[in-house]
Amino acid sequence: MFSGIANAKQVTRKPKVPALTTGENSQLMSCLKFIEAHGVKKLENVTDPQGEVVPKVERIKSAKGPLLEMKVKSSMHNPRFIYVDCNDVAVFLDAFKKKTQKLLKIDIERSDNRYADLKSRGDC
Amino acid sequence: MNNSIDAATAERRELLEGKLVHLRLELALVMQELREGSGLTQSELASRLKVQQPAVAKLERAGDHKLESLMRYLCEFDADLLMAVKQGDTTVQVSDDEEHLLVALPREVDEWAAEQDLDLDEFVMQAVSDAHAANQRYHFDPASYIVFSPQNENYGVYAVTQDIRERAA
């Protein structure tokens, strides 16, 4: 039960679609494999954020920290992932499946906070 | 019935996306490393290839490449693109196989090589030369596997062939 939320209806929610489709997942796996083999910086170097071909990796300019956004090809969810380069290790801070063109400010702020937290603990 | 076939086809197509991503990323990285290793700038390479610098930059990104552009790029560094088509147990090399043969190896070979602290190429070359030195016959066929026999202890671990022991006997 949630305290302080009177009359809030408690429901068990099940997602109607899988978190990622098979195709989205296989693309993500390939990217992770590449990062594991060659490091985070290489992924940024070989992708073309201006091009039409996925995956795309670009720096989030409006973020305070050095956050990166990765997009994979999708016909359904338009998934994108926010991660940060911690000594050539990719630390994923958030993931989204939205049809919106750009990341929302509030989402970027949340990732910024997570990054700041990591940094303050000396993990990044 | 039709639904299950459709689902299988759809899944194969979906998985193809991941394979494409893998190929594009690895190709782009190899190309970048070839150029950087040779000490050429993108502009210098562009003038050799008789294209503009942005075209070279585009080739070095994980994009949709034309086979012809790829081959021309690699040719500048005396590099080659080796390709094979694999379906089930059959592997057919489609690139020119006069210099190198592509063979499908069982996944375990990777682990065997790691156990000896060798990379896969070194391990295979050692296995081939050891089998040759031991006068064991082996047969390379681009449409077949090289099978390593863990029972052979002549050179530490393995022999190369499609059952080398049987052939030697």
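The model is predicted.

Chain A contains an open sheet of 4 strands, in the order E1-E2-E3-E4. The pairing is antiparallel. E1(A) and E4(A), the latter spanning residues 89–97, stand at the edges. Each has a single partner strand, so one side of each lacks a neighbour in the sheet. On average, neighbouring strands are turned by 25° against each other, direction ignored.

Strand E1(A) covers residues 56–59 and is joined to E2(A) by 4 bridges, in the antiparallel sense. Two residue pairs illustrate this pairing. Lys56(A) has Lys71(A) of E2(A) as its bridge partner. Val57(A) stands opposite Met70(A), also in E2(A). E2(A) in turn pairs with E3(A), residues 79–86, over 5 bridges, and this pairing too is antiparallel. Here the bridge partner of Leu67(A) is Val84(A) in E3(A).

Strand E2(A) spans residues 67–71. Of its 5 residues, 4 are buried, so the strand is largely enclosed by the rest of the structure. Beyond its neighbours within four places in sequence, Leu68(A) is in contact with Glu44(A), Val57(A), Arg59(A), Ile60(A), Tyr83(A), Val84(A) and Asp85(A).

Helix H3(A), residues 105–120, touches E2, E3 and E4 of chain A. The direction of H3(A) makes about 155° with that of E4(A).

The contact between the chains takes 21 residues from chain A and 16 residues from chain B. On the chain A side, helix H1 (22–38) and helix H2 (40–46) each supply at least two residues. H1(A) provides the largest share of that side, 10 residues. By class, the chain A side has 7 nonpolar, 10 polar and 4 charged residues.

The largest nonpolar core has 27 residues. Residues of both chains are among those with the most contacts inside this core. In chain A these are Cys31(A), Leu43(A), Leu68(A), Tyr83(A) and Val84(A). In chain B they are Leu25(B) and Ala28(B). H1, H2, E2 and E3 of chain A each give two or more residues to the core. So do helix H1 (2–38) and helix H3 (53–59) of chain B. H1(B) gives the most, with 5 residues.

Two charged residues were examined individually. Lys97(A) lies in strand E4 of chain A. Lys97(A) has 15 C-beta neighbours inside 10 Å and therefore counts as partly exposed. Lys97(A) and Asn78(A) are 19 residues apart in sequence, yet their C-alpha atoms are 5.4 Å apart in space.

Asp130(B) is placed in helix H6 of chain B, residues 120–133. With 18 C-beta neighbours inside 10 Å, Asp130(B) counts as partly exposed. Along the chain, 35 residues separate Asp130(B) from Ser95(B). The C-alpha atoms of Asp130(B) and Ser95(B) are separated by 27 Å.

How values were computed. Residues are numbered from 1 along each chain as its sequence is written. Chains are lettered from A and ligands numbered from 1 in the order in which they are written. This is a predicted model: local features need pLDDT of at least 70, side-chain atom pairs count only at pLDDT 80 or more; totals for chains, interfaces and linings use all residues. Two residues are in contact if their C-beta atoms, placed from the backbone, lie within 7 Å. A residue is buried if 20 or more other C-beta atoms lie within 10 Å of its own, exposed if 12 or fewer, and partly exposed in between; C-beta atoms are placed from the backbone. Two strands pair if DSSP finds at least two bridges between them. Axes are lines fitted to C-alpha atoms, for helices over the stretch in contact, and angles run from 0 to 180 degrees between N-to-C directions. A nonpolar core is a set of buried Ala, Val, Leu, Ile, Met, Phe, Trp, Tyr and Cys residues joined through C-beta atoms within 7 Å.
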